[in-house]
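Me: I would like to go through this structure slowly and ask what stands behind the terms that are used for it.

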Amino acid sequence: MSYYVCIHGHFYQPPRENPWLEEVELQEGARPYHDWNEKITAECYAPNTASRILNSDRKIIEIVNNYSKISFDFGPTLLLWLERHAPEVYQAIIETDKECRKKYSEHGPAIAQVYNHMIMPLADSRDKRTQVVWGIRDFEHRFGRKPEGMWLPETAVDLETLDIMAEYGIKFTILAPHQASRVRKIGEEKWNNVMGGNINPKMPYLCRLPSGRSICIFFYDQSVSLDVAFGDLLKNGENFALKIVRSFSQAQRQPQIVHIATDGETYGHHLKFGDMALSYCLYYIESRNLAKITIYGEYLEKNPPTYEVEIIENTSWSCFHGVERWRGDCGCRMGSEPKFKQEWRKPLREAMDWLGDRVKLIYEKETARYFQDPWKARDDYIEVILNRSVENVEQFLSKHSKKQLSKEEKVKVLKLLEMQRNALLMYTSCGWFFDEISGIESIQVMRYAARAMQLAKELCGVDLEPDYLKILEKAPSNIPEYQNGAQVYNMLVRPSITDLLRVGAHYAMSSIFGEYRETQKVYCYTAKNEAYESLEAGNKKFAVGRVRLRSDITWEESVVSFAVLHFGDQNLMVGVREFMDRKSFSQMRKGTEKAFLKGDFPQVAELINKYFGKQVYSLSHLFRDEQIKILNKMLEPTQKKIENLFFQIYKNNYPIIQTLNEMGISPPQTLAAVIEFTLINALRKSLEDEDFNIDELQKLVSEMKKRTIEPDKTDIGFVASQKINKLMERLAQAPQDDSLLETIVKTLNILSVFPLELNLWKAQNIYFSVGKKLCGPMQKKAETNPNAKKWLDHFNELGEFLGVKCV
């Protein structure tokens with residue numbers, strides 16, 4: 001009897017990029033990380049590339065790549081982010097699939113995913129096709145092979161989608177048991193009803209499709225999957241393994257597979273250390289030969305379906321009512337606010353469908369003049385999304401165009417294609433999944449809609465926004481401040497809308513606070529300076545210039561003239577306009593500079609208003625990350641004054657502070673606040689300092705403990721983790737540097753008096769790697785060499801702090 005185990009992880013985050021900038025902006029809720037992608041990468045995607053297996057003493061004895069032992073899919077938009085912002089993690093995922101093909105009979109563990117997590121049964125035929133094509137092409141581009149399987153978002157399924165997948169060579173997908181209707185043995189006539197999740201999940205099934213094609217379906221084990229996602233199973237890797245193994249049927253004689261499917265983020269993000277439970281589970285099964293670890297492609301080749309199945313269309317794994325969660329108030333929700341209703345979902349879906357239909361008509365009509373086949377061009381546009389080099393875009397346009405396009409026509413067709421891309425992104429499922437229309441996920445899909453409408457207006461003068469907002473007025477918010485979807489749009493979406501003038505304003509404001517360069521990137525725009533002058537008078541700053549801006553996405557470009565005045569505080573005034581002739585620009589520059597040098601700042605402001613009219617911007621128009629960067633620069637002098645003042649108060653009153661401490665008397669509340677701020681601030685600076693002084697750190701920590709001051713465990717823990725990881729990176733370069741080794745041990749020892757939340761994943765990886773190479777040789781040398789013994793003692797001590805056994 002053959003037992004096989006397959007664990008599938010569905011790794012996905014909704015696209016979070018600002019549609020006008022193509023970058024994820026700062027997200028406060030993810031602190032101390034920059035954004036949720038960065039946070040979840042640190043908690044899940046990275047740890048699963050090097051997960052820990054512990055012994056009975058809770059010491060790390062092995063580090064394994066979980067991706068090499070599971071089946072997985074990654075959202076294409078998430079992989080794009082990882083490629084740009086976490087290249088080591090990205091590369092580890094890609095390489096794992098390549099390396100594992102030998103292990104799994106030339107099958108890779110990765111499967112594809114439709115492009116941007118659209119609920120496929122709710123999409124029209126064209127969108128379904130594009131989603132499948134983009135998902136496959138993205139997979140081929142990254143993994144260097146054709147995908148065998150494809151994950152359906154929320155496992156939402158219908159026959160048309162399966163047919164399109166099969167048409168493009170997809171062999172299998174994964175569904176929940178309750179999505180099966182009836183089964184029968186291939187070749188037999190009698191069907192058996194399996195509704196209500198009563199299908200045997202330990203085998204693959206053949207699903208015959210309307211076109212005559214077919215696709216295989218694996219129905220995951222619901223009991224184990226639910227325990228992993230929502231129960232306590234990941235608290236103990238051995239229990240996890242036993243639950244899987246006990247799911248095998250003793251009565252079934254043919255080969256059987258116990259397989260589960262959950263969100264991949266379960267392993268580390270939703271459940272801390274979930275990756276370690278997963279790695280131990282697989283280790284336990286393999287080391288005891290309880291079953292063979294496999295993946296779907298390999299199992300399917302060795303065990304083709306002997307039964308066929310009919311599915312229940314318009315169903316999913318996360319809505320008891322089919323796919324109503326993404327178009328109505330069906331009752332499925334997260335439940336964090338019990339009184340919240342989801343009546344907004346239906347109007348939001350209607351607004352998106354209305355808009356989607358309108359922009360399709362515009363696209364088809366406008367591109368018919370330029371493209372041989374507009375919809376084939378849209379399907380192939382993924383090649384441009386994956387490589388926006390000028391050469392590649394030109395090749396794409398040449399392939400699909402009826403004629404040689406002019407510069408202006410190229411801009412137009414790229415805008416039309418971007419309008420379609422944003423119209424697809426606005427259907428990302430998370431926009432409807434949660435409980436409130438003003439949540440970041442719903443705001444994000446409305447931002448994509450706003451970008452699509454902006455492009456439609458620029459292309460053919462059609463303003464779709466008023467009618468779109470009329471529909472959104474019917475989407476009630478649960479928060480009185482927002483009233484309805486239209487108000488949410490006006491308050492939380494409209495301020496994001498950007499054009500080249502706003503990019504120019506951003507460039508102008510940034511130029512007086514940062515390093516100025518002749519050519520520089522401003523997110524997905526390229527700025528080339530044509531004229532620039534800056535002046536300073538005390539804390540006042542002024543700059544005037546002209547810059548050529550070009551979108552790297554649509555190739556739209558414009559020459560923008562600007563004048564920016566910083567009043568020395570939080571007040572900034574920027575005038576921006578296109579097409580200012582050289583004579584007018586010269587007059588504006590001379591007049592504003594003259595007024596500034598005279599110290600007549602009101603006159604400068606008056607002249608900016610005169611020359612730039614309504615196109616005047618302020619700090620609020622800066623893009624989010626630069627806003628914070630500039631505000632921090634503005635606050636820097638004040639911050640330093642506060643730090644210096646508090647330090648002087650602390651220093652001048654140190655004798656009485658000591659006396660109070662010796663007498664067991666608490667200092668006055670205001671003085672206590674000064675002491676706490678000063679010491680914690682000094683601790684942070686000590687850890688951030690490149691010239692790290694271990695003695696200074698010891699004094700600070702001793703002083704803090706004496707006064708029972710504890711730093712924020714998350715904030716200072718984050719800084720401390722970065723310091724230790726940097727020291728360990730140095731050790732990786734010079735592993736036999738005993739003085740560095742001793743410094744790391746002392747640092748951890750000093751900080752151990754605080755309950756800090758340390759993320760030492762990277763440090764542990766380095767330690768384990770160094771230990772594998774040097775522990776054995778050093779143990780032999782230590783018998784006769786005192787330096788080797790000293791190194792080994794320090795290394796073992798470091799292992800105690802890191803929880804890693806020297807191997």
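**Rings, burial and charges**

Reply: Phe11, Tyr45, Tyr67, Phe72 and Phe74 are linked into a cluster by ring pairs, where rings of Phe, Tyr and Trp (its six-membered ring) pair if their centres lie within 6.5 Å, and planes under 30 degrees apart count as stacked, over 60 as edge-to-face and the rest as tilted. This is a predicted model, in which local features need pLDDT of at least 70, side-chain atom pairs count only at pLDDT 80 or more, and totals for chains, interfaces and linings use all residues. Residues are numbered from 1 along each chain as its sequence is written, and side-chain values use heavy atoms, with hydrogens and water left out.

Me: How many aromatic pairs does a search of the whole structure find, and why is the pair of tyrosine 3 and phenylalanine 248 called stacked?

Reply: The search of the whole structure finds 35 aromatic pairs. The ring centres of tyrosine 3 and phenylalanine 248 are 4.1 Å apart and their planes are at 5 degrees, so this pair is stacked.

Me: What makes the pair of tyrosine 532 and phenylalanine 562 tilted?

Reply: Their ring centres are 6.2 Å apart and their planes are at 50 degrees, so the pair counts as tilted. Tyrosine 532 is in strand β16 (residues 525-537) and phenylalanine 562 in strand β18 (residues 557-566), 30 residues apart; strands (E, at least two residues) and helices (H or I, at least four) are DSSP runs, numbered from the N terminus.

Me: Why does methionine 634 count as buried?

Reply: Buried means under 20% relative accessible area, exposed over 50% and partly exposed in between (1.4 Å probe, protein chains only), and methionine 634 counts as buried because its relative accessibility is 17%. Methionine 634 is found in helix α22 (residues 624-652).

Me: How do you know that arginine 502 has no salt bridge?

Reply: A salt bridge is a side-chain nitrogen of Lys or Arg within 4 Å of a carboxyl oxygen of Asp or Glu, with Lys and Arg counted as positive, Asp and Glu as negative, and His and the chain ends not counted. For arginine 502, which is buried, the nearest side chain of opposite charge is glutamate 25, and that is 6.7 Å away. Arginine 502 has its place in helix α19 (residues 500-511).

Me: What makes helix α14 largely enclosed by the rest of the structure?

Reply: Of the 19 residues of α14, 17 are buried, so the helix is largely enclosed by the rest of the structure.
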